[in-house]
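Hi there,

Here is the structure I promised to hand over. Have a look at it first, and then read on for what turned up in it.

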Amino acid sequence: MGKKVTVVGAGFYGSTTAQRLAEYDIFDTVVLTDIVEGKPEGLALDLNQSRPVEGFETKVVGATTGPNGEGYEAIEGSDVVIITAGLPRKPGMSRMDLLGVNAKIVRQVSENVAKYAPNAVVIVVSNPLDEMTALAQIATQFPKNRVLGQAGMLDTARFTHFVAETLGVKVGAVQTLTLGSHGDTMVPVPSRCTVNGKPLSDLLPEDKIEELVTRTRNGGAEVVALLKTGSAYYAPSAAAARMAKAVAEDSGAVMPVCAWVDGDYGISGVYLGVEAEIGAEGVRRVVETKLTDSELAGLKEAAEAVRAKQADVADL
């Protein structure tokens, strides 16, 4: 014990992530921060009162933060910081539409994280994900392995769910993988998809697999369109919390995340969705998986698309 994790942003995503982290009962403290006065304190009080029912000892602490870094002392000494701060999408918006407004928020949060939690591993979930992860690394000046983004875990979970639902099998029977960016250049990897150990291509025709790939790529937008106000948070928070757990436990779990790629797959100098081994120092190493020629081409295409946008964030 003795571990401390902070979730920045107490919206649906942040508060659900804090709940999951607290219920794991592996941390001493979960800190939840927000700029809306009283909101994180109220949610923390509520979560703490669930402890006798759910049987966990982790304490939840709420802290209101101000525009000049007020309140950030609450995050001091955090082992992991999850940045959920920023505006969610509205129906019809792309993730890139959020670039300007969320860049300012993520930069300010990152600078405060660097000041108060200089040894933390930072997990970014604010959109547009790949660009905000790059920006958080620039703003914190942390080593690149200590700043990573949550995307591939969520996209892979969506793909797995759609395959299981289509075939009427248990989700535990399905293995899938998505790499690339969190957006239009997402690269689902059908060659790594199996159901009860059988290749997915043996069970579904190519056009049906392509339909599921497209639905995965648009998975977030589908939820946004149905909700009309706000975006997905149950599946995304589950993914972010699992990443934080792997860091806290120094587990070495291999997960698809947004990580700094420098030489893997013949791609260099970009934050991109790849499989990586996660431990106490963040990304221990990128794990290269065997891809078909078309999957590798898709990954390289994603890298170039993301690289162009990540070059712009340094000035935001």
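Let's start with Arg 146, which is buried (under 20% relative accessible area with a 1.4 Å probe, protein chains only; exposed is over 50%, partly exposed in between). Arg 146 has no salt bridge, meaning a side-chain nitrogen of Lys or Arg within 4 Å of a carboxyl oxygen of Asp or Glu. The nearest side chain of opposite charge is Glu 281, 9.2 Å away; Lys and Arg count as positive here, Asp and Glu as negative, while His and the chain ends are not counted.

This is a predicted model: local features need pLDDT of at least 70 and side-chain atom pairs count only at pLDDT 80 or more, while totals for chains, interfaces and linings use all residues. Residues are numbered from 1 along each chain as its sequence is written, and side-chain values use heavy atoms, with hydrogens and water left out.

Where does Arg 146 sit? You will find Arg 146 in the loop between helix 5 (129-140) and strand 6 (147-149); helices (H or I, at least four residues) and strands (E, at least two) are DSSP runs numbered from the N terminus. Leaving aside residues up to four places away in sequence, Arg 146 touches Pro 118, Asn 119, Ala 120, Val 121, Val 122 and Glu 281, where contact means heavy atoms within 4.5 Å.

Next, the domains. The protein chain is divided into domain 1 (4-150) and domain 2 (152-312), with bounds from an automatic or database domain assignment. Their C-alpha centres lie 22 Å apart, and 34 residues of domain 1 are in contact with 43 residues of domain 2.

The largest nonpolar core has 54 residues; such a core is a set of buried Ala, Val, Leu, Ile, Met, Phe, Trp, Tyr and Cys residues joined through side-chain atoms within 4.5 Å. Leu 21, Leu 272 and Ile 278 have the most contacts inside this core. Helix 10 (residues 234-248) gives the largest share, 8 residues. Both domain 1 and domain 2 contribute residues, so this core lies between them. Apart from it lies another core of 28 residues, including Ile 75 and Cys 258.

Finally, look at strand 13 (residues 268-279) and strand 14 (residues 282-287), which run antiparallel and are joined by 5 bridges; two strands pair if DSSP finds at least two bridges between them.

Enjoy exploring!
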